[in-house]
Amino acid sequence: RIDTTIADRILDVVLPPGQSFALRNVRLRNGEATGTGGALRSSAALTQIDNVIFATNSATAGGGAVAAQGGFLLIRNSDFTSNAAGERGAAVLGAGA
């Protein structure tokens with residue numbers, strides 16, 4: 001479980017082109033981002049999320065919990081509770097691909 005008490009994004013994944021990222025069996029709570037992806041922002045070619053709980057995360061722009069930029073996003077068996085965004089995608093924002 002990752003529970004932050006500072007006003008910041010929990011994970012910011014920046015990978016070289018063609019690389020993938022997987023996140024499994026974790027709880028991400030109280031992430032807060034200026035911009036996109038309150039808990040997770042990923043630029044991976046493929047972002048896989050499995051059995052993850054996203055709770056009370058927020059972003060000023062979009063993707064209160066998750067923002068996947070420039071790649072594919074696959075979410076399975078995951079829960080989104082009380083996430084918020086200032087513009088669009090309170091839970092998830094997918095851009096690109």
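Two strands count as paired here if DSSP finds at least two bridges between them. Keep that in mind for what follows, and keep in mind that this is a predicted model.

Strand β7 covers residues 58–59, and it pairs with β11 in the parallel sense over 2 bridges. Given the cut-off of at least two bridges, this pair qualifies with its 2 bridges.

Is N57 buried or exposed? With a relative accessible area of 1%, N57 is buried, because the limit for that label is under 20%. N57 sits in the loop between β6 and β7. A polar atom of the N57 side chain lies 3.2 Å from the backbone oxygen of L28. If we leave out residues up to four places away in sequence, N57 touches I10, L28, R29, N30, G31, G38, A39, G64, A65, S82, N83 and A84.

Going through the pairs, β5 and β8 run parallel over 3 bridges, where β8 is residues 66–69. Within that pair, L40 stands opposite V66 in β8, and R41 stands opposite A67 in β8. Next, β8 pairs in the parallel sense with β12, residues 92–95, over 4 bridges. There, Q69 has A95 in β12 as its bridge partner.

L40 brings me to the packing. Which residues have the most contacts inside the largest nonpolar core? They are L23, L28, L40 and F54, in a core of 14 residues. Strands β3, residues 20–29, and β6, residues 46–55, each supply at least two residues of this core. The largest share, 4 residues, comes from β3. As for L40 by itself, it touches R9, L11, V13, F21, L23, T47, I49, A65, V66 and A67, again not counting residues up to four places away in sequence.

Side chains of opposite charge can pair when their charged atoms come close. How many salt bridges does the structure hold? It holds 3 salt bridges.

One of them joins the side chains of R9 and D12, at 3.7 Å from N to O. R9 is buried, at 14% relative accessible area, while D12 is partly exposed at 42%. D12 also forms a salt bridge with R41, and here the closest N and O atoms are 2.7 Å apart. What does this pair tie together? D12 lies in strand β2, residues 11–13, and R41 lies in strand β5, residues 40–42, so the pair ties together parts that are 29 residues apart in sequence. R41 counts as partly exposed, at 23% relative accessibility.

Another salt bridge is between E87 and R88, with the closest N and O atoms 3.3 Å apart. E87 is exposed, at 59% relative accessible area, and R88 is partly exposed, at 47%. To finish the topic, salt bridges that share partners join R9, D12 and R41 into one network.

Terms used
Residues numbered from 1 in each chain as written. Predicted model: local features only at pLDDT ≥ 70, side-chain atom pairs only at ≥ 80, totals over all residues. Heavy atoms only, no water. Salt bridge = Lys/Arg side-chain N within 4 Å of Asp/Glu carboxyl O. Buried < 20%, exposed > 50% of the residue type's maximum accessible area, 1.4 Å probe, protein only. Core = buried A, V, L, I, M, F, W, Y, C linked by side-chain atoms within 4.5 Å. Contact = heavy atoms within 4.5 Å. Polar contact = N/O pair within 3.5 Å; in protein donor to acceptor, adjacent residues only side chain to side chain.
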